[in-house]
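Visitor: I would like to go through this structure step by step. Could you show it to me?
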Amino acid sequence: MTADRIVGIDLGTTNSLVAFMQGESPVVIPGEDGSNLVPSVVALDENNQPVIGNAARNLLIASPERAVYSIKRLMGRGLEDVQEELKFFPFRLAEDLQPGEVLRIGLGEKTFTPPEISALILRQLKRNAERFFGAPVTKAVITVPAYFNDAQRQATKDAGRIAGLEVLRLVNEPTAASLAYGLDKKQNGIVAVYDLGGGTFDISILRLHDGIFEVIATNGDTHLGGDDIDNLLITIALDDIQGDLEIDLRRNAEVVQAIRKAVIEAKIALSSQASTKLSVELPGGKHYLREITRAQFEQLIQPIIDRTVGPCKQALKDAGLKPEQIDEVVLVGGSTRIPKVRALVKEMFHREPHTDLNPDEVVALGAAVQANILGGGSEATENMLLLDVTPLSLGIEVAGGVTDKIILRNSTIPASATQFYTTQVDGQANVAIHVLQGERELAKDCRSLARFDLKGIPPMAAGMARIEVKFLIDANGILSVSAREQRSGKEAEIQVQPSYGLTDEQVESMILDSFDSAEEDFRKRQAIEARNEAGTILSALEKGRRSPAWGALTSDEKKKIAKLEKALIAVKAEEDYQAIRKAIDVLNQATTRLAELMMDSAVSIALKGKTMDEAGVAAEELGEGPTAPHPMAKAEFE
Ligand code: ADP
Ligand code: MG
């Protein structure tokens with residue numbers, strides 16, 4: 001059987017996708033409805049079953065209290081971090097939330113943490129991939145924005161685990177986009193990645209040296225994207241309708257939603273046409289129709305797209321670069337399909353941007369490239385060494401409230417570094433270790449990641465203790481910290497649980513009760529795997545029948561095999577994986593002698609100087625007769 005496939009996932013604010021490496025090139029896996037994009041929307045249907053993607057988006061209109069979107073904005077964040085988001089988005093936070101607690105969002109009558117909601121999206125992508133392969137998918141690479149901090153990364157990993165995916169690596173989105181274009185093969189250069197999606201704008205400047213991407217600057221606007229364009233067009237349409245038809249529909253959610261749908265269609269049409277018609281059926285048999293030309297559209301959206309210029313300039317300034325020094329420009333995000341946006345990017349960076357790949361797919365495609373590298377790769381990727389860097393410096397607080405950096409930003413990961421510290425007062429038995437993330441000088445200006453104490457240091461004069469503090473960042477950018485007083489051997493260690501992170505126990509229990517569907521999911525996966533195995537044994541038996549060995553069986557043996565074969569075919573159509581496995585086992589037993597005879601006849605034919613082909617025996621049958629051992633199905637939770 002084939003090795004476990006590792007998929008690449010773009011878990012986006014607006015849309016999510018899953019991709020894999022097909023031969024030498026990455027491809028996106030479509031959902032059941034044939035569409036490559038799964039809207040990042042989760043809703044509960046009337047039976048309280050989760051619905052994801054386009055179906056959830058439809059429910060969002062009818063019953064907004066039963067749907068959640070843009071959950072990525074809340075990943076790994078605490079109550080005090082999200083005040084700004086709450087002004088823009090109708091998130092319904094649980095009422096009993098305590099400061100410092102992991103957020104919980106209302107969905108129907110229940111509440112869920114952001115990783116649980118994201119896990120539902122991931123589970124849908126996983127299912128799409130499993131349907132596509134006809135086999136279980138348990139391993140993934142997931143992308144995250146380059147500026148995501150430890151807590152946000154950790155939350156993304158947790159979401160993967162809750163969805164039953166082992167997250168082998170988190171990759172920065174701009175790095176993934178660059179990989180999709182194969183820019184790593186250039187070895188050296190500066191890459192600007194301009195990402196204008198549904199509701200966020202990110203600009204990242206990467207330095208590529210010896211095939212390693214280093215994020216040298218990031219900037220952006222967390223509330224800028226295609227949604228702004230949609231909202232502008234909706235306002236214009238509503239004004240028109242109010243003026244011409246003298247009806248005010250601002251409070252009619254359903255009509256506003258119909259207008260939203262129409263303006264998005266018009267916007268998309270204008271990316272490839274010179275003009276389009278905006279057409280909406282209104283209540284009372286009225287009809288709104290307006291022709292929009294691309295020139296008009298471009299004029300309207302100019303102020304919106306101009307808001308990307310400031311962040312780009314700032315990123316260049318932070319990177320200490322002039323536009324002429326940019327070697328490659330990569331476009332990411334559905335909104336970069338707009339020709340006017342492309343023109344603006346070209347003007348800013350003095351370069352023609354790469355546009356060969358779909359901008360809303362390119363991150364997932366890059367994730368698939370990375371997944372393939374981690375999975376052992378193919379010829380195309382086996383010589384590629386791929387590393388990422390940590391986006392922010394990590395350190396501890398030292399005397400005077402000062403930040404002492406231990407691992408500097410842009411260090412390639414995995415990374416580790418050690419620094420030595422000592423005690424401040426005579427006889428000091430405990431030292432407080434305060435782990436920080438950020439570039440600022442003072443601890444209070446950096447993000448506090450964790451605190452722990454190293455206790456029980458034997459009495460010594462101030463300055464005598466020798467405390468070794470070790471930082472280790474794994475390949476996902478996740479940190480663990482240990483401290484050891486060397487004279488006494490006292491140690492303390494923590495895997496940094498970010499302030500708003502979930503504990504392992506919480507994740508475990510979420511895995512178990514993620515809509516109580518884990519059990520059912522497991523069964524389905526087992527059934528898929530058992531069916532595949534059944535397919536293998538049935539086709540091996542088919543070959544066996546055509547081989548000379550078949551003639552050597554007694555008629556009883558042949559009858560028994562035929563009966564068991566029929567039984568397996570029948571049970572294979574059902575969902576009961578245990579029954580399928582049982583049928584495989586008995587058929588395997590009944591065909592043991594056939595397999596042996598096939599081996600013998602293959603060997604004796606070879607001895608007679610005939611080739612296997614001539615005798616109608618494929619070489620693979622030597623090793624993979626009907627009784628060849630099949631690998632057991634993997635359990636979902638390792
Ligand atoms: P995100 O990364 O935020 O999840 P995407 O990269 O999928 O989102 O971008 C989604 C946005 O792209 C939406 O606002 C959508 O309307 C817009 N979009 C998609 N296709 C086009 C197009 N052809 N022309 C203009 N905008 C588009
Ligand atoms: Mg995106």
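This is a predicted model: local features need pLDDT of at least 70, side-chain atom pairs count only at pLDDT 80 or more; totals for chains, interfaces and linings use all residues.
Visitor: How many residues lie between β2 and β3 in their hairpin?
Guide: Two residues lie between β2 and β3, and G23 in the turn has a positive phi of about 65°. Strands here are DSSP runs of E of at least two residues, numbered from the N terminus.
Visitor: In which sense do β2 and β3 pair?
Guide: Strand β2 (residues 15-22) and strand β3 (residues 25-28) pair in the antiparallel sense, over four bridges. Two strands count as paired if DSSP finds at least two bridges between them.
Visitor: Now the sheets. What is the order of the strands in the open sheet of three?
Guide: The order is β6-β5-β7, with antiparallel pairing. At the edges are β6 (50-52) and β7 (67-69), each of which pairs on one side only. From one strand to the next, the twist averages 20°; the angles run from 0 to 180 degrees between N-to-C directions, and the axes are lines fitted to C-alpha atoms.
Visitor: How many bridges join β5 to β6?
Guide: Three bridges join strand β5 (residues 41-44) to β6. V42 has I52 of β6 as its bridge partner.
Visitor: And the sheet of four strands, what is its order?
Guide: That open sheet runs β14-β13-β12-β17, and its pairing is mixed. Its edge strands are β14 (212-221) and β17 (328-332). Strand β13 (residues 201-209) is joined to β14 by nine bridges, and these two strands run antiparallel. Within that pairing, I203 is the bridge partner of N219 in β14.
Visitor: Let us turn to the ligand. Which residues come nearest to ligand 1?
Guide: Of the 16 residues around ligand 1, T14, N15, K267, S271 and G334 come nearest. A residue is near if one of its heavy atoms lies within 4 Å. The shell divides into two nonpolar, 11 polar and three charged residues.
Visitor: How far is an oxygen atom of ligand 1 from the side chain of N15?
Guide: An oxygen atom of ligand 1 is 2.8 Å from an N or O atom in the side chain of N15. For G198, a polar backbone atom is 3.0 Å from an oxygen atom of ligand 1.

Conventions:
Residues are numbered from 1 along each chain as its sequence is written. Chains are lettered from A and ligands numbered from 1 in the order in which they are written. Side-chain values use heavy atoms; hydrogens and water are left out. A polar contact is a pair of N or O atoms within 3.5 Å; within protein, one must be able to donate a hydrogen and the other to accept it, and residues adjacent in sequence count only if both atoms are side-chain atoms. Ala, Val, Leu, Ile, Met, Phe, Trp, Tyr, Cys and Pro count as nonpolar, Asp, Glu, Lys and Arg as charged, and the others, Gly among them, as polar.
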